[in-house]
Amino acid sequence: MLYDALIGPFTEFEFMRRALAAVIALSLAGAPIGVFLMLRRMSLVGDAMAHAILPGAAVGFLLSGLNLFAMTAGGLIAGFAVAILAGLVARSTGLKEDASLATFYLASLALGVTIVSIKGTNIDLLHVLFGNILAMDDQTLLVVAFNATVTLLVLAVIYRPLVIESVDPLFLRTVSRAGGPAHLAFLALVVINLVNGFQALGTLLAVGLMILPAGIARFWSRDLTVMICIAVVAAAVSGYAGLVLSFQTRVPSGPAIILVASALYTVSVLFGTVGGVVRQLFPGRHLEA
């Protein structure tokens, strides 16, 4: 009975295996990006960028229907355009970058929904907004895996300056000029992973598998490497459990994954060893390891 519930769906159905492979790829690439977003206090920026890709994906849909490459290319172009425009507005006016991003992402979200509504149906709109990881084909899975591989390789190259800039940007500026390029490369990785997540979870939930695992990891460790490992495991577990929940019930796959991640986050808030509620109410003895 337990085997049929937890393992059976993945051995019997190819679409479940593809969905699980996609979740693992998204976890490996997106969770480390989420940890750095949290450390750099850019979590809401990630959410704004997730909505910013919608007009580009919608234009791809308008031109080619639910075509993977057209929507991916459109999403990447729109994401980079909004990031650049928001940065230019913030630097040339008195408006702060978070307010500039909020303005652009609201306009982008409204424009994207309008474009999809013009050509598509309500089902198409739901697909764009919430994704459908269970409908992922081999082509989409290969694109997700490729983007995840690129993310891990680039992250390995910029890891050192990225960590230093997250902790002490002033020190990095005094000893190296790598901070600016590393920041731009990191923003590019954010956009790539949001487009990756868009294929599976839609624009509204794409950032969830990045930010929630990072929040979970924060309550269990202060060490960056350990936090990244915990975030990856939490994202993969959330994806697996969400797929099982979706298969066994009528809950859509994307929301099911994010709901499981939210439940793990709640448990971490309550029982986490680093700042958890229970830990603060019942602290260990003084100088206890």
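Biologist: Where is Ala-236 found?
Modeller: Ala-236 is found in helix H13, residues 224-248. Helices here are DSSP runs of H or I with at least four residues, strands are E runs of at least two, and numbering starts at the N terminus.

Biologist: What kind of model is this?
Modeller: It is a predicted model: local features need pLDDT of at least 70, side-chain atom pairs count only at pLDDT 80 or more, and totals for chains, interfaces and linings use all residues. Residues are numbered from 1 along each chain as its sequence is written, and side-chain values use heavy atoms, with hydrogens and water left out.

Biologist: Back to Ala-236. Why is it called partly exposed?
Modeller: Because the relative accessible area of Ala-236 is 25%. Buried means under 20%, exposed means over 50%, and partly exposed is in between, with a 1.4 Å probe and protein chains only.

Biologist: How far is Ala-236 from Leu-126 in space?
Modeller: The two are 24 Å apart, C-alpha to C-alpha. In sequence, Ala-236 and Leu-126 are 110 residues apart.

Biologist: And Ala-214, buried or exposed?
Modeller: Ala-214 is buried, because its relative accessible area is 0%. Ala-214 sits in helix H12, residues 208-218. The C-alpha atoms of Ala-214 and Glu-12 are 32 Å apart, and the two residues are 202 apart along the chain.

Biologist: What about Phe-69? Which helix is it in?
Modeller: Phe-69 lies in helix H6, residues 68-92. Phe-69 counts as partly exposed because its relative accessibility is 46%.

Biologist: Helix packing next. What is the angle between H9 and H11?
Modeller: About 155 degrees, and their axes are 9 Å apart. H9 covers residues 138-167 and H11 covers residues 179-205. Axes are lines fitted to C-alpha atoms, for helices over the stretch in contact, and angles run from 0 to 180 degrees between N-to-C directions.

Biologist: So how are H9 and H11 described?
Modeller: H9 and H11 are therefore roughly antiparallel to each other. Under 35 degrees counts as roughly parallel, over 145 as roughly antiparallel, 65 to 115 as roughly perpendicular, and the rest as oblique. The crossing of H9 and H11 is left-handed. Left-handed means that the near helix is turned anticlockwise from the far one by less than a right angle, and right-handed means clockwise.

Biologist: Now charges. How many salt bridges does a search of the whole structure find?
Modeller: It finds 3 salt bridges. The cut-off is a side-chain nitrogen of Lys or Arg within 4 Å of a carboxyl oxygen of Asp or Glu.

Biologist: Which residue meets Arg-18 at 3.1 Å?
Modeller: Glu-14, in a salt bridge, N to O. Both lie in helix H3, residues 14-39, 4 residues apart, about one turn of the helix. Glu-14 is partly exposed because its relative accessible area is 45%. Arg-18 counts as buried because its relative accessibility is 18%.

Biologist: What else does Arg-18 form a salt bridge with?
Modeller: Asp-138, with the closest N and O atoms 3.6 Å apart. That pair links distant parts of the chain: Arg-18 is in helix H3 and Asp-138 in helix H9, 120 residues apart.

Biologist: And Arg-40? Which residue does it bridge to?
Modeller: Glu-165, with closest N and O atoms 2.8 Å apart. This pair also links distant parts of the chain: Arg-40 in the loop between H3 and H4, Glu-165 in helix H9, 125 residues apart. Arg-40 and Glu-165 are both buried. As for networks, shared partners join Glu-14, Arg-18 and Asp-138 into one.

Biologist: Last topic, the surface. Which residues make the nonpolar patch?
Modeller: Trp-220, Val-267, Leu-270, Phe-271, Val-277, Val-278, Leu-281 and Phe-282 make a nonpolar surface patch of about 740 Å². Patch residues have over 30% relative accessible area and no salt bridge; like charges are joined within 9 Å, and nonpolar side chains (Val, Leu, Ile, Met, Phe, Trp, Tyr) within 5 Å. Areas come from the Shrake-Rupley method with a 1.4 Å probe, and for residues only the protein chains shown count as cover.

Biologist: Which helices each supply at least two residues of it?
Modeller: Helix H14 (253-271) and helix H15 (277-281). Leu-270 is in helix H14. Leu-270 is partly exposed because its relative accessible area is 35%.
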